[in-house]
Amino acid sequence: MGYRKDMIVYQIYPRSFKDTTGNGVGDLRGIIEGLDHLADLGINTIWLSPIYVSPNDDNGYDIADYTAIQPEFGTMADFEELVAKAKERGIGIVMDLVINHTSDEHEWFRRALAGEEKYKNYYIIKKGKNGKIPNNWGNFFAECPWAKFGDSEDEYYLHLFSKKQPDLNWHNPEVLEEIKRIMRFWLDKGVVGFRCDVINIIYKNSLENGRPRPILTGQEHYLSTEGCHEILKTLRREVLEPYGAFTVGETVFVDIAKARDLCAPERKELDMVFAFEHMECDQVIVKWFKTKLVPRRLMKCLSKWQTALEWNACYFENHDQPRFISRFSDLGPYRKEASKMMAGLQMTLRGTPYMHEGQEIGMTNGDFANLDEVEDIESHNIWAMATKLGIPKRIRWKMIQRTSRDNGRTPMQWTAGENAGFSSGKPWLKVNANHTEVNVETENAVPNGVLAFWKQMIALRKTHPVLIDGTFRSVYEGRAVYVFARELDGKTLLSVCNMTGKTAKLPTVVGKGGKLLACNYEDVEANLLKPFEFRLLEIEK
């Protein structure tokens, strides 16, 4: 079916990639201009965050028209040109499919508000209980999940995210037919697949009260339900398979068993899933409270998922996450070395690598000075909630600095010049001041820089079948050093990663022999690993 094991995916957050009009917002023509950079990098697939018409309450994940382009991004002709020119370079386009909810400005919701029963049934609308909201559920954006439906005194609509993102009613078969039509529209435009947003929560079994939890009370009624599985099987059978398209699902609160149920080949639902456990190795209970990243905890999590699933979606960054290298609290002067180590790690794990724009040059978290410089709706809601809870301002701001989704959304840093070469106008989000050092133009001029190392690792992945088809075996998981083997047809490659900013001993299990295929330092010491050192070794039998 859809995916190829040699896929290397690059996520573009269109608002932040490249602006060609001077309005401060990235656009499709900017992506077209960036295609040569991406082709030179070596990727073969682009995942586009939403480019649909949207009021931008949640930066495009609140869709008002699924088959039209947001005007600030360009036109449908621009999109068609992007697909064609990407294809010329051997690059396929993956669209973001957001089908848990629409915008409250979508025609369906507007017609529901106008009283059309057909469209009221497209959404989850329920009467309150004794003057109160219908149930005790929680909300992903730290809001009440129920909002008054129009002028009604006793009707509410469900929104597990923003108030402007009403949840769709997947009990209604007409919703399924609408989504099939939308998917076929984009597949006919030449896209190769879909990244499916929060896909395992789309079907709500019931609207009964949930068991009280610290966060998201009620999730047992909508998390990975059987109804969701049936919808995914239908979409694959009736839409995706006829087009040979692929899917990756963003999946909420999945463990190994739930992930298998969603992407095991024999079940014919999704091709792979984005799991979150490895992204939670530095959190305390919820993601807004971070602690120091413990390398061994990350290693054990990676190894568990590598061996548990037939195929993984291997990622460390995306538009909803802080920059991963910024999670190493002892990064110090080793930004470049840590960026290269993460490149080596990601490109040698078993599964499809997903890069995020700017990762190839070692972009870091944003350098926001205060909340006024943060656009993310979730960050503002968390700030408000933390304020009500009496959390001191200093701690609240530390929470936002570490966890805000805007950390992964700062404009792409193309040059050391004004606005990092992203735009000739004022960017929609603050450009990081470190763009004078961290940018594509500078990296292109450095033969041993971060960008060069990403290119080297991508090339090695393409020329060594063991990195695609080989099995995974954890060899050593220490306090600082992670060693794992990829094995195929008698060939063994060892990935050796020092995940700290301190010198570490080379584990004895690595041995003395082996051909050095890659290293992020020019000089290699026999028994020591430098801070954030990565080595890829080919071991002879």
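Start by selecting Asp 96: it is buried, at 1% relative accessible area (buried means under 20%, exposed over 50%, partly exposed in between, with a 1.4 Å probe and protein chains only). A quick note on what's loaded: this is a predicted model, where local features need pLDDT of at least 70, side-chain atom pairs count only at pLDDT 80 or more, and totals for chains, interfaces and linings use all residues. Numbering runs from 1 along each chain as its sequence is written, and side-chain values use heavy atoms, leaving out hydrogens and water.

Arg 195 lies in strand 9 and Asp 96 in strand 5 (residues 92–97), so the pair ties together parts 99 residues apart in sequence. Strands here are DSSP runs of E, at least two residues; helices are runs of H or I, at least four; both are numbered from the N terminus. Arg 195 is buried too, at 1%, and also forms a salt bridge with Asp 197, again with 2.9 Å between the closest N and O atoms.

Next, select Asn 200, in the loop between strand 9 (193–196) and helix 8 (226–243). Is Asn 200 buried or exposed? Buried, with 0% relative accessibility. Show its contacts (heavy atoms within 4.5 Å): among them are Tyr 222, Cys 228, Glu 250 and Leu 262.

Last stop: select Glu 155 and Lys 120, another salt bridge, with the closest N and O atoms 3.3 Å apart.

Technical notes:
Salt bridge = Lys/Arg side-chain N within 4 Å of Asp/Glu carboxyl O. Lists of a residue's contacts leave out its neighbours within four places in sequence.
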